[in-house]
There are 2 protein chains.
Amino acid sequence: MSFQKLDDLCRRLEALEHALAILGADEATHMAVGGGEKRAEAMAALSGMYHRHATAPEIADWIEAAETEALNEDQTAALREFRRHHTNLTCLPADFVERQTAARLRCEQLWRGLRARNDWTSFQPALEGVVTLVREEAAMRADVLGLSPYDALMEQYDPGNRAADITPVFAELKAFLKDFAPQALEVQAGRLAKRPLKPLSGSYSIEKQQALGLAMMEAVGFDLTRGSLSVSHHPFCGGVPSDVRITTRYRTTEFLSALMGILHETGHALYEQNLPQDWSHWPLGKARGMAIHESQSLFVEKQIGRNPAFWRWALPVVDTHLDENWSLDDIQPHVHHVARGLIRVDADEVTYPLHVILRYELEQELVAGRLEVADLPEAWDAHMRDYLGLSTIDNPADGPMQDVHWPGGAFGYFPSYTLGAMMAAQQWAALVRDHPDTDEAIAKGDFSTANEWRRDRIWSQGSRWSTPALMERATGEKLDASHFIAHLQKRYGG
Amino acid sequence: MSFQKLDDLCRRLEALEHALAILGADEATHMAVGGGEKRAEAMAALSGMYHRHATAPEIADWIEAAETEALNEDQTAALREFRRHHTNLTCLPADFVERQTAARLRCEQLWRGLRARNDWTSFQPALEGVVTLVREEAAMRADVLGLSPYDALMEQYDPGNRAADITPVFAELKAFLKDFAPQALEVQAGRLAKRPLKPLSGSYSIEKQQALGLAMMEAVGFDLTRGSLSVSHHPFCGGVPSDVRITTRYRTTEFLSALMGILHETGHALYEQNLPQDWSHWPLGKARGMAIHESQSLFVEKQIGRNPAFWRWALPVVDTHLDENWSLDDIQPHVHHVARGLIRVDADEVTYPLHVILRYELEQELVAGRLEVADLPEAWDAHMRDYLGLSTIDNPADGPMQDVHWPGGAFGYFPSYTLGAMMAAQQWAALVRDHPDTDEAIAKGDFSTANEWRRDRIWSQGSRWSTPALMERATGEKLDASHFIAHLQKRYGG
């Protein structure tokens, strides 16, 4: 009876989520430029309705009553996940959320202008305001959830992830990468000395690149009857599981960046398209969290899409669509290109984790109050010199001002990126252990076994398990840096 | 205080309308085919939320209290229109609406299959069910509104329109057209005997036709920063005033049908884009109704878009985009083509009103109970033979089964189409009386005076006046068939 009330509520919430997801995707792809103000008003009002519906005072009673009702296994799991969702939604007072939203929006808006002018001094007070509120938020979440403050922040993105488990794994990876990154660069230099890089530059119409992208999406498993590909300034995977909207942006002078972007978003899309449909209105039916989601995009982009076996199949497809004639030896140096740089989003597989670990370390210090915002440029620079041998001290725009996450108040989110990369490598290792002929299948364009493996163990599970439990059930072991390290050594170790 | 509550409510309703409008346009243009079921669920749930918000029991008290508050002129008008809107929304009991919705959906679904098989016998009982409920609906609406049953139905679409005013105007038009249609056909035959028709057939890419359409939309006044053109199976004008979505469909063998369709939808779009923005969340800020809306689409499509002056400017634009070389004498017979036919939506300016008047007469009989559904095929055939000299007795699919309106329960809507055509002619006559050089301006591609005239008198008025009052204020006189008759005589009278 009470469970039924929660079930009905979930259907109303699903309708509002559907509207918000499609309106959001539409805004980035098809909305007229002048439609933004009204769209923002509509989405704010719909978000408010969602929040009012989802946090109505009677819901806590429904949850409590439902816990005494006779429920089947799915319903029990749904109720457990609904309670978790409800606790996370209601653990901050409404007036705090309003103050925090205002501070985040103001800091984000300032950030857009000030980053372009490399103006840390004007940015610092706004970020200090955000960090003060994040510390308050973390304390309140920690109190309700019985977790440490930083774990309570991570819990929003990856339920069950704890710094105590992640820190040693990241420490192992960091120790490896600080030595390995320079080695990989040396190996690359040696190869390029022997065989000069064939330039990617050419002339590729958007229509042809789009046709290629759609062909790749479909081959890799994207259901084109329940999703689409279009263009936006920032690539994303949005929409709803029955109609997944992925986007990319094209350069007409080279084809690789759009194609790799499409493969990345296709990885996200496969997860969404293959979530359990009967649970779609429950929190239980949603994707587990950011790290697992990133593991699915990186599985397709890195484990499959940068695998030489994949390119044995893919090159003829590329050549057919673009009237090209690439050899594996010519494309591979582009697909496996490594470079030290200041910017996280431009980094490769080898250096990316160092960008993330830097942020993971600094944001824990910030949340704990052991580091102040005023000292961030120096701390960032020190880490950057240590990990990548680069300085940002005179260039905060490409240092602590480079990402929108902190101005937007998202602390505890960065680790998900590298956890996703490690999880993808661990999933790949488990898949290959179960199916040693995976490379040969992929070289023939047969992705069915790789997809069935993920469908069974990850996609169909929705939010039934915590992030670490899902990984352990899927791969047979806890998160372990060795798989990702072995993957990097094999691909970049020479 | 109570007015403020209504104002806040209107903003919430506007957000839901925004979501429904964009989701609806998206469904027809960009949705993945497999997304339909979830989209339907989401839209049904959002419509339910809209209805619950808009009909909450406290609203009647708010309206009553607001009527005693000190309001400015706009607020007073907004409150009046809100009450009208609220009365129309709440005058039917919820269980009746549910029964009616089910009967309509079932009849519409049956209709899709049975029309294709020309199967009146199986269709008749479903339509009888719909008509029975429409009679009940009309009686309930009439009771609440103090109107006759048929007027109460029309009141939903065109507030203030009354059969007592429309019937004599339609009678005059019908009497004229029964003689004039054959004359127009004769004049056309004479012209074609002298100068044979240049075939429209050619090869026109969708890209080029779309670029032409966008150029025409913009020239005619469409704000491309607040709207867009895309493709759908059935052309429509949807979206929201800040982001108007118009669609067309293209044939690659001729360009005229898509272009005229675009001009028609642009007429609707100009009305939406130029509604008073400050009132956008109030019913007062919405377009007045179906007849006025149709007058705006037909103003652009027929009064402007089929005017030889327009083509003096437009032909070089067409030629530039499509690499064509049409003369005015060659295109005009296509733009002014007249033909007797069975199908309303395919009819031209001259014969279209006879299709509408036939339905107007029959649906009044049906609603009043003087005609039964079983006798509809004979009655339709008799009217069709009288008005257009065509029989449908063996072909109900192209007779009383040709339109979705009646299976969908929309009675009282058909007159709006021809009222719109007459209003457009009357508006054009008033414009030309005020600005005798309108043809010359349009021949130069200058639509500013024609647009300013409509902006002042129609678009900016929102729903401030009843349909007949708006027309009388805009044109200085009540609806009068003479303007439309004069228009047809001038254009088709030889």
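**Buried rings and a buried glutamine**

Colleague: Are A:Phe3 and A:Trp282 buried or exposed?

Modeller: This is a predicted model, so keep that in mind throughout. Residues count as buried when their relative accessible area is under 20%. For A:Phe3, and also for A:Trp282, the answer is buried.

Colleague: How many residues apart are the partners in the aromatic pair of A:Phe3 and A:Trp282?

Modeller: Over all chains there are 38 aromatic pairs. A:Phe3 and A:Trp282 form one that is edge-to-face, 5.9 Å centre to centre with 75° between the planes. A:Phe3 is in helix H1 of chain A and A:Trp282 in the loop between helices H10 and H11, so this pair links distant parts of the chain, with a separation of 279 residues.

Colleague: Which helices of chain A does the pair of A:Tyr150 and A:Tyr360 tie together?

Modeller: These two rings are edge-to-face, with 65° between the planes. Both tyrosines, A:Tyr150 and A:Tyr360, are buried. Because their parts of the chain are 210 residues apart in sequence, the pair ties together helix H7 and helix H14.

Colleague: Over which ring does the charged end of A:Arg359 sit?

Modeller: Ring pairs link a cluster that includes A:Tyr352, A:Trp406 and A:Phe414. The charged end of A:Arg359 is 5.3 Å from the centre of the ring it sits over, that of A:Phe414.

Colleague: In chain B, which side chain makes a polar contact of 2.7 Å with that of B:Gln100?

Modeller: B:Gln100 lies in helix H5. Its relative accessible area is 4%, so B:Gln100 is buried. B:Gln100 touches B:Leu92, B:Leu133, B:Val134 and B:Glu137, and the polar contact of 2.7 Å is with the side chain of B:Glu137.

Key. Residues are numbered from 1 along each chain as its sequence is written. Chains are lettered from A and ligands numbered from 1 in the order in which they are written. This is a predicted model: local features need pLDDT of at least 70, side-chain atom pairs count only at pLDDT 80 or more; totals for chains, interfaces and linings use all residues. Side-chain values use heavy atoms; hydrogens and water are left out. Helices (H or I, at least four residues) and strands (E, at least two) are DSSP runs, numbered from the N terminus. Buried means under 20% relative accessible area, exposed over 50%, partly exposed in between (1.4 Å probe, protein chains only). A polar contact is a pair of N or O atoms within 3.5 Å; within protein, one must be able to donate a hydrogen and the other to accept it, and residues adjacent in sequence count only if both atoms are side-chain atoms. Contact means heavy atoms within 4.5 Å. Rings of Phe, Tyr and Trp (its six-membered ring) pair if their centres lie within 6.5 Å; planes under 30 degrees apart count as stacked, over 60 as edge-to-face and the rest as tilted. A charge sits over a ring if NZ of Lys or CZ of Arg is within 6 Å of the ring centre and within 35 degrees of the ring normal. Lists of a residue's contacts leave out its neighbours within four places in sequence.
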